[in-house]
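The following note sets out points for a colleague reviewing this entry. Please read each point alongside the coordinates.

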Amino acid sequence: MYKSFVKPALFSLDAERAHHFVFDNLRRAARLPGTKALLRQLYDYQHPGLAREVFGLKFPNPVGLAAGFDKNAVLTDELATLGFGFVEIGTVTPRPQPGNPAPRLFRLPQDEALVNRMGFNNDGAAAVAARLARRRNRQLIIGGNIGKNKDTPNEHAAADYVAGFETLAEVVDYFVVNVSSPNTPNLRQLQEKKPLIELLQQVQARNLSRPAPRPLLLKIAPDLTDAQLDDILEIARETQLSGLVATNTTISRANLTSDAAYVAGLGAGGLSGRPLRARATEVIRYLHQKSDGALPIIGSGGVHSAADALEKLAAGASLVQLYTGFIYEGPALVRRINEQLAMSSEQRAASSEQ
């Protein structure tokens, strides 16, 4: 139904307008009696073999929604009915900001990809925290993806990340430090070893001073070299990170089948979707092997099928996230992945008993 009717209608709209249309209508529909129960029946698949304990949190299943979809935490209760094991909100900045000028979100249907240059558009940490404090579903694990405001210079970036952390600390279950978005000027310079260590040390110091510290993760770009990935692992050890999110969007436009002139005309932005699958998996495998599996990884990038999710888990990811695949495949993708993972779990259990 999604691919035959809903998706063509949504894809006839501007990409960002379609996004808001989905949000508005899902929120309205969820208010109707019986709708949430129906959504759970359709999309929420539960099985004991899906449960995971990662960085001290118990996930009902390993399939999450990546940051960027529900930036402002306006749909967490509704998204909880679609079968996700966790939802990551954000990227959230300390102060509200409008993001980059529109148009800033584009589809590449031939490649099942998106290009975005949203620019951390969000309502600000205080508004997002207040919204999360009012949510009804307290079982859904919420991640808080935090960033700096566009007008904050890099030398003062750590203060923004600390401020975002402090504002959201009581209402999220884990944090992700985002220094890898290509859509905020000079942000990726913070991935360099020295500034990144200093930034993470400040956030972690504040985190570890709390009675109940939150798991702190770092989201990295797929465009890093092996040497830079080695630095990331060293930084993770030195700053006592709980894990990594691999990966963010890419600035590369390699191996696309879409018209090159059209793609060039879209301008700058991060590419997500199927073209990112192989590189994201490669980064996960490298990090997993180099760390001897000691550092949990959330695998993100190009998950459009159950096979894609299994590939990332086999490469060393502990959990996976959807974003672009969710847009192209629809909400049934979450259930398909969880059903396949449950089947694989049962097959492994049967083999071990033989």
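A polar contact is taken here as a pair of N or O atoms within 3.5 Å; within protein, one must be able to donate a hydrogen and the other to accept it. The structure is a predicted model, and the points below should be read accordingly.

1. Glu-88 and its polar partners. Glu-88 sits in strand β4. Its side chain makes a polar contact with the side chain of Tyr-174 at 2.9 Å, and another with the side chain of Gln-321 at 2.8 Å. Apart from neighbours within four places in sequence, the contacts of Glu-88 include Leu-65, Ala-66, Ala-67, Gly-143, Asn-145 and Val-176.

2. The charge of Glu-88. Which side chain of opposite charge is nearest to Glu-88, and how far away is it? The residue is Lys-219, at 4.9 Å. A salt bridge requires a side-chain nitrogen of Lys or Arg within 4 Å of a carboxyl oxygen of Asp or Glu. Glu-88 is therefore buried without a salt bridge.

3. Cis peptide bonds. Most residues other than glycine have a negative phi, and most peptide bonds are trans. A cis peptide bond joins Gly-90 and Thr-91, with omega about 10°. Thr-91 belongs to strand β4, which spans residues 86-92. A cis bond also joins Ala-102 and Pro-103, with omega about 0°. Pro-103 lies in the loop between β4 and β5, the latter covering residues 105-108.

4. Positive phi values. Phe-55 is not a glycine, yet its phi is positive, at about 35°. Phe-55 is located in the loop between β1 (52-54) and β2 (57-59), and its relative accessibility of 16% places it among buried residues. Gln-240 likewise has a positive phi, near 60°, without being a glycine. Gln-240 occupies the loop between α8 (226-238) and β10 (243-246). Is Gln-240 buried or exposed? With a relative accessible area of 54%, Gln-240 is exposed, whereas Phe-55 is buried.

5. Asn-137 and the loop that holds it. Asn-137 lies between α5 (125-133) and β7 (141-146), in a loop. At 18% relative accessibility, Asn-137 counts as buried, because the limit for that class is under 20%. The side chain of Asn-137 reaches two backbone nitrogens: that of Gln-139 at 3.0 Å and that of Leu-140 at 3.0 Å. Leaving out residues up to four places away in sequence, Asn-137 touches Arg-40, Asp-77 and Ala-80.

6. A salt bridge within one helix. The search of the whole structure finds 17 salt bridges. One of them pairs Asp-24 with Arg-27, at 3.2 Å from N to O. These residues are three apart in helix α2 (residues 15-30), so about one helical turn separates them. Asp-24 is partly exposed at 30% relative accessibility, and Arg-27 is partly exposed at 27%.

7. Salt bridges between helices. Arg-206 forms a salt bridge with Glu-166, and the closest N and O atoms are 2.2 Å apart. Because Arg-206 lies in helix α7 (residues 193-208) and Glu-166 in helix α6 (residues 157-168), the pair ties together parts 40 residues apart in sequence. Arg-206 is partly exposed, at 36% relative accessible area, as is Glu-166 at 43%. Lys-193 and Glu-234 meet in a salt bridge of 3.0 Å, N to O. Lys-193 is in helix α7 and Glu-234 in helix α8, so this pair ties together parts 41 residues apart in sequence. Lys-193 is partly exposed at 29%, and Glu-234 is partly exposed at 33%.

8. A salt-bridge network and a surface patch. Lys-3, Glu-329 and Arg-336 are linked in a network of salt bridges. Which residues make the nonpolar surface patch of about 380 Å²? Met-1, Phe-5 and Val-6 make this patch. Val-6 is placed in helix α1, residues 2-11, and is partly exposed, with a relative accessible area of 33%.

Key. Residues numbered from 1 in each chain as written. Predicted model: local features only at pLDDT ≥ 70, side-chain atom pairs only at ≥ 80, totals over all residues. Heavy atoms only, no water. Helix = DSSP H or I, 4+ residues; strand = E, 2+ residues; numbered from the N terminus. Buried < 20%, exposed > 50% of the residue type's maximum accessible area, 1.4 Å probe, protein only. Patch = residues over 30% accessible without salt bridge, like charges linked within 9 Å, V, L, I, M, F, W, Y side chains within 5 Å. Areas by Shrake-Rupley, 256 points an atom, 1.4 Å probe, with all protein chains shown as cover. Contact = heavy atoms within 4.5 Å. Lys, Arg positive; Asp, Glu negative; His and termini not counted.
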